[in-house]
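View the model first, then read on.

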Amino acid sequence: MSPSLQPQIRIESNPLAVYEHCVGEGKLKNDEAQRLVIAKLQALFLALSRPPRRGFFSKMLPGKAAPTPRSVYIWGAVGRGKSLLMDIFFGALDLESQRRIHFHAFMQEVHAMSHAWRQEIEAKKLKKELLPTVAHDIAQKAQVLCLDELQVTDVADAMILSRLFTTLLDEGVTVVITSNRPPEELYLGGLQREKFMDFVHLIYERMDVLELASPYDYRMQQIRAMQAVYMWPLTDKADVAMNNMFSQLTHNAKIMPLAVDVQGRKLTVPLSYGGIARFSFADLCEKPLGAADYLAIARRFHTVFIDNIPKLGPEKRNEARRFVTLIDTLYDHRVKLLCTAAAPPEQLYALGDGSFEFQRTISRLAEMQSLQYLDVAHIP
């Protein structure tokens, strides 16, 4: 569970009790849409916590295992509390094998396991099918698998999801998924989408699909409540404020690096949690990155933190050019930007090649601080 939601007194450890306690303490709003979802997760929690039957007939039928509780797919707009409710559910569980991971990180692991198994199968001429073998290994380590922020943009992921999850469910894994989209809107316009539709059908056949239809965007309320999203100059006070904002928006959760696929290569995101990423200016603009890299970031993350944007002179024209492309891309996809800088936007790049074009960046940086911009939904 996120430390910020950890109860200060001992209460009954189940999702509904934790949610009620957080509402009572004012940490969460009493949200009827969230209550519908937490009720479903409470029922799933109780089903998973129920000890297996040990009666006479169960002994007579050793081959009959208890049915696996139905998996759950929760979807809704950004900021409605999907990840938070998943965290409450996951934190209340006390199973020998349970796992919570971001979907993209999970798929990276799946591809790495597939590569390793493929080599072993070929080297030893094993009679094993690749994806069922990978799924079996995952199932051995996770009775419950919580996957946050499912998005499908990569054809390599799209082509294997149906068989992978069919095997996971057949192996008795209970899956809880969050996504910004209903199943039928996943991978829209993707290559060979007709094959991907098998995964959509699987979701509806074997999972309970719930919409978290809250009218409140809690994440944007948090950002709007912050004193500033563009902080200058670069001081210890600005660093502390940036760290506090990052901790607040990520609920003090465990922060992990992430590798994002960009045209067959990997772009490292130093710090990420769900749809939130944090970089330094050097990470993004002092390395040979380009439009494809920034597009992958803008599609993948709804909120981006950038630390230590410096003042740029003529000798930094390449860095300035990359920064222009980066801001254009984030702006076009309505990504929320929080950053620290050495100077206000109009003083970042006053002289040098492209300084005239930089005027558009100044304008966009100013607009990206406005409530009107913050209220517009992210465009993946």
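## An exposed pair

Asp353 and Arg317 join their side chains in a salt bridge, with an N to O distance of 3.9 Å. The two residues are 36 apart and link distant parts of the chain. Asp353 sits in the loop between strand S11 (336-341) and helix H15 (358-367), while Arg317 belongs to helix H14 (residues 317-332). Asp353 counts as exposed because its relative accessibility is 52%, and the cut-off is over 50%. Arg317 is partly exposed at 38%. The model is predicted.

## A buried pair and its network

Arg364 and Asp328 also form a salt bridge, and their closest N and O atoms are 2.9 Å apart. Arg364 lies in helix H15 and Asp328 in helix H14, 36 residues apart. Arg364 is buried at 18% relative accessibility. Asp328 is buried too, at 13%. Shared partners connect Asp328, Asp332, Arg360 and Arg364 into one salt-bridge network.

The structure holds 20 salt bridges. One of them pairs Asp208 with Lys40 at 3.2 Å, N to O. Asp208 is in strand S5 (residues 207-211) and Lys40 in helix H2 (residues 32-49), so this pair ties together parts 168 residues apart in sequence. Lys40 is partly exposed, with 28% relative accessibility.

## Phe279 in strand S9

Phe279 lies in strand S9 (residues 276-280). Is Phe279 buried or exposed? Phe279 is buried, because its relative accessible area is 2% and the cut-off is under 20%. Beyond its neighbours within four places in sequence, its contacts include Thr268, Leu284, Ile297 and Phe305. The C-alpha atoms of Phe279 and Lys141 are separated by 32 Å.

Definitions and conventions:
Residues are numbered from 1 along each chain as its sequence is written. This is a predicted model: local features need pLDDT of at least 70, side-chain atom pairs count only at pLDDT 80 or more; totals for chains, interfaces and linings use all residues. Side-chain values use heavy atoms; hydrogens and water are left out. Helices (H or I, at least four residues) and strands (E, at least two) are DSSP runs, numbered from the N terminus. Buried means under 20% relative accessible area, exposed over 50%, partly exposed in between (1.4 Å probe, protein chains only). Contact means heavy atoms within 4.5 Å. A salt bridge is a side-chain nitrogen of Lys or Arg within 4 Å of a carboxyl oxygen of Asp or Glu.
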